[in-house]
Amino acid sequence: MTNRFRGSSFISAVLAASFIFTGLAHGAKDELLGAGATFPYPLYSKMFDVYHKKTGVEINYQSIGSGGGIRQLQNQTVDFGATDAFMNEEELKKSSEILHIPTCLGAVVITYNIPGSPQLRMSSDVVADIYLGKINTWNDPRIQKLNPDTKLPKMKIVLVHRSDGSGTTFIFTDYLSKVSENWKSKVGRGKSVKWPTGLGAKGNEGVSGLVKQLPGSIGYCELAYTIQNKMPRAVLKNAAGNFVEPTLESTSNAAAGKIPPDTRVSLTNTDAEQGYPIAGFTWIILYREQNYGSRNKEHAQTLVDMLWWMTHEGQKFTKPLDYAPLPQPAVDAAESILKDVTYNGKTVLK
């Protein structure tokens, strides 16, 4: 692992200790607590470090998965959550109004561990049937047909998936549910699903780490983790019939359509000709009304200022860390949402 990934355990430990003093933190201008998605952790780690040096505000973020981030916000133990799976109507009804602020786009890639690390082509039906357990050897004729110039090994496919509530899993299973009726009826989409087969690992770190260790394995994780760990990435056939590599450009192409005002939109299985088919936004989530618990207005201002910076100046850190920056319509939507954040019913944004 690179240094930026190893930092996760340290930040997690700091946050765990900080939760003891949550009440104090909510009244402090110079500290914010957050938890959630592992998908954007490398980016958030960089952003929060730069923002701390710029403003003196310390952001303690625990990379625990999207499901955990939603729960922590609902339990009011953090100032903000982070999720790659937008909250559905049922989840939103359980809390006061929660807003979604997009921070970047990312690609969920298919990575694997076979001799020579060839770049393989895969179609949506092949990916679905691998995870359904219908294709269980690497030299299966359906995989070989897509890769006629590659000598595939006679190895058993070892499936790796997330064991925790995960927005990355939501994006991946959302894609599979769109391209495979069999998957949709038998498994479906969600942050957690009942996997037909395979080994579970916690976080994008866990999945990429396990795939790297296990010969014959295949897994799904965020693009940045595979680039940093020098792991192969499958080229996927999209809805337009084109084989597309997971790149920043192809990820951005997936967001070419209209973005709704609340930004809760699925980008998987895009019909854009050069769009990568397993892509999505990742969001910071927060309460619209910030006067709850022991918060004061100054603390609400600190949170909103940080989010404004992330969606504007902070976007320059996306590409160097292998994330796609927000398209302008998403930035415009984020601005409108941040202007709706209130304290005692009055707009917080100055």
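**Entry 1: the second largest cavity**

I looked up the lining of the second largest cavity, and I found L105, G106, A107, E222, L223, T247, L248, T251, D322, Y323 and A324 there. I noted for myself that a cavity is a set of points, on a 1 Å grid over the protein atoms alone, where a 1.4 Å probe fits but cannot get out, and that a lining residue has an atom within 4 Å of a point.

Before going on, I wrote down that this is a predicted model, in which local features need pLDDT of at least 70 and side-chain atom pairs count only at pLDDT 80 or more, while totals for chains, interfaces and linings use all residues. Residues are numbered from 1 along each chain as its sequence is written, and side-chain values use heavy atoms, with hydrogens and water left out.

I sorted the lining by class and got six nonpolar, three polar and two charged residues, where Ala, Val, Leu, Ile, Met, Phe, Trp, Tyr, Cys and Pro count as nonpolar, Asp, Glu, Lys and Arg as charged, and the others, Gly among them, as polar.

**Entry 2: the largest cavity**

I counted two cavities of 30 Å³ or more, and the largest has a volume of about 70 Å³. It is lined by 13 residues, and I noted that F170, I171, V265, S266 and L267 are the closest to its centre. Both α8 (167-179) and β11 supply at least two residues of this lining, but the largest share, four residues, comes from β11. By class, I found eight nonpolar, three polar and two charged residues in the lining of the largest cavity.

**Entry 3: the sheets**

I traced an open sheet of eight strands in the order β2-β1-β3-β11-β4-β8-β6-β7, with mixed pairing, where two strands pair if DSSP finds at least two bridges between them. Its edge strands, each pairing on one side only, are β2 (58-63) and β7 (199-201), and the twist averages 25 degrees from one strand to the next. Strand β1 (residues 31-36) runs parallel to β2 and is joined to it by six bridges, and G34 stands opposite Y61 in β2.

I also found an open sheet of three strands, ordered β5-β9-β10, again with mixed pairing. Here β5 (121-122) and β10 (243-244) are the edge strands. Strand β9 (residues 235-237) is antiparallel to β10, with two bridges between them, and I noted V244 in β10 as the bridge partner of L236.

**Entry 4: helix α14**

I looked up how helix α13 (residues 297-311) meets helix α14 (residues 328-338), and their axes come within 10 Å and cross at roughly 170 degrees; axes are lines fitted to C-alpha atoms, for helices over the stretch in contact, and angles run from 0 to 180 degrees between N-to-C directions. The contact (heavy atoms within 4.5 Å) is made by V304, L307, W308 and T311 of α13 and by V331, A334, E335 and L338 of α14. I sorted these by class into six nonpolar, one polar and one charged residues. Helix α14 also lies across β4 and β11 (279-287), running at about 145 degrees to β4.

Notes. On a 1 Å grid over the protein atoms alone, a cavity is a set of points where a 1.4 Å probe fits but cannot get out, and a pocket is an open set with protein on both sides within 12 Å along at least five of seven lines; lining residues have an atom within 4 Å of a point. Grid points are joined across faces, edges and corners, and a volume is the space filled by probe spheres set on the points.
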